Amino acid sequence: MTVSARTIALIVAAGRGVRAGGRGPKQYRPLAGRAVLARTAEAFLDHAGIDGVRVVIHRDDDDLYEAALAPLRKHPKLMPPVHGGVERQDSVRLGLQSLAGAPPTLVLIHDAARPFVDAGTIGRVIEALARTPGAIAALPVHDTLKRAAGDGRRIDGTVERSGLWRAQTPQGFHFEAILKAHEAAAGRALTDDAAVAEAAGLDVALVPGAPDNMKITQAEDFGMAEILLTRRRSMFEFRTGQGFDVHQFEPGDAVILCGVAIPHAGKLKGHSDADAAMHALTDAVLGAISEGDIGDHFPPTDPKWRGAPSRIFLEKAMALVRDRGGDVVHCDITIICEAPKIKPHRTAMRAALAEIMGVSVERVSVKATTTEELGFTGRREGLAAMATATVRLPAPAE
Ligand code: MG
């Protein structure tokens, strides 16, 4: 994976989708309860190799976009949408130009109507860009290809299929090169972004795509997409981990909880920044993958972690989950204390955790309770936090 490169996913969603029938453009139609575009965007938002996601939409679709992406609205990687043009190629060019002010190193261009793009395909495209200025997901053609005669009803000939590939998306490029290529190709009708790159003389690599990475084009495709979704769900297993932590108050003027500093008549005592809520969450994530606890990975005896921000613990736990091809589906934290008041800080806490974990805010829940002035939390000697984390992992082979 390219470590330092800033990589943006540009999702093209400006089409009208007339072939798919139904009311409104197909990318906004629900697929098992969620808009196609939301599923597509989330595949990139959840990918560790993607730093930002921008969607190019039709100028009539502002409301449809807002409704479809509402659950992901606060995702730290989701950038505001931009309006596209008449043809797909115009939309891509406008999308690229919208990024030129703060140009990324790499850009992955993807069709909104391919919601089943998987992390492996995205990763292969990014990796190939370390060697070539362009790389696209594609599959070799296995069917025999026929060319039809003029009326489309009779065979005119058989097309040699060796060396033929079906182009999918994402199609990834070095940003400056593809921006220049698209600007040079304006007004010429080319079929995909690889064709634009080829016209500019850029080398474009083929990397294996995935058969499931289908494009929803016709109305019938929605039926196939629902079947794929059902099968995909059975390819994962879900595990839950729990965590619990307590820290004592000592003289100070603020506590740090879920990465947020809250003014208080005391601070939390501990080796790191003593963020009990983030420690409980980290242990929950580690628990879900049976990877011990924080202390195993960051021994408190090691002076290296003195005063450390707790985000490094949570980032480590998330890296271990993603190393297994997994992700955190949801987490729920309960902070137990009489004071400080947690509620006014909940939104900031959820946003901070979502950013650290690289997941959308809707996947993060933060709650608080008191113990009715009973026990050590009731006496305000310290506070406690508990957490659960639900992790999705690839199902083990049968
Ligand atoms: Mg702790």
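A residue is called buried here when its relative accessible area is under 20%, exposed when over 50%, and partly exposed in between, with a 1.4 Å probe and protein chains only; helices (H or I, at least four residues) and strands (E, at least two) are DSSP runs, numbered from the N terminus. The structure is a predicted model, in which local features need pLDDT of at least 70 and side-chain atom pairs count only at pLDDT 80 or more, while totals for chains, interfaces and linings use all residues. Residues are numbered from 1 along each chain as its sequence is written, and side-chain values use heavy atoms, with hydrogens and water left out.

Seven strands form an open sheet of mixed pairing, in the order E5-E4-E1-E6-E10-E7-E11, where two strands pair if DSSP finds at least two bridges between them. Strand E5 (82-83) and strand E11 (204-208) each have a single partner strand and stand at the edges, so one side of each is left without a neighbour in the sheet. The pairings of E1 and E7 are set out below.

| Strand pair | Sense | Bridges | Residues opposite each other |
|---|---|---|---|
| E1 and E6 | parallel | six | Ala-9 and Leu-108 |
| E1 and E4 | parallel | six | Ala-9 and Val-53 |
| E7 and E11 | parallel | five | Gly-134 and Val-204 |

In E1, seven of seven residues are buried, with Thr-7, Ala-9, Ile-11 and Ala-13 on one side and Ile-8, Leu-10 and Val-12 on the other. E11, by contrast, has a covered face formed by Ala-205 and Val-207, and an uncovered one with Val-204, Leu-206 and Pro-208. In a regular strand the side chains alternate between the two faces of the sheet.

Helix H4 (residues 119-128) has as its buried residues Thr-121, Ile-122, Gly-123, Val-125, Ile-126 and Ala-128, and what covers them includes E1, helix H1 (36-45), E6, E7, E10 and E11, contact meaning heavy atoms within 4.5 Å.

The magnesium ion is coordinated by Asp-245 (OD), His-247 (NE2) and His-279 (ND1), at 2.1 to 2.3 Å; donors are N, O and S atoms within 2.8 Å of the metal (3.2 Å for Na, K and Ca), and water is not among the atoms, so sites may look incomplete. Asp-245 lies in strand E12 (residues 236-250) and His-279 in helix H8 (residues 276-288), so this pair ties together parts that are 34 residues apart in sequence. Asp-245 counts as buried at 16% relative accessibility, and His-279 is buried with a relative accessible area of 8%.
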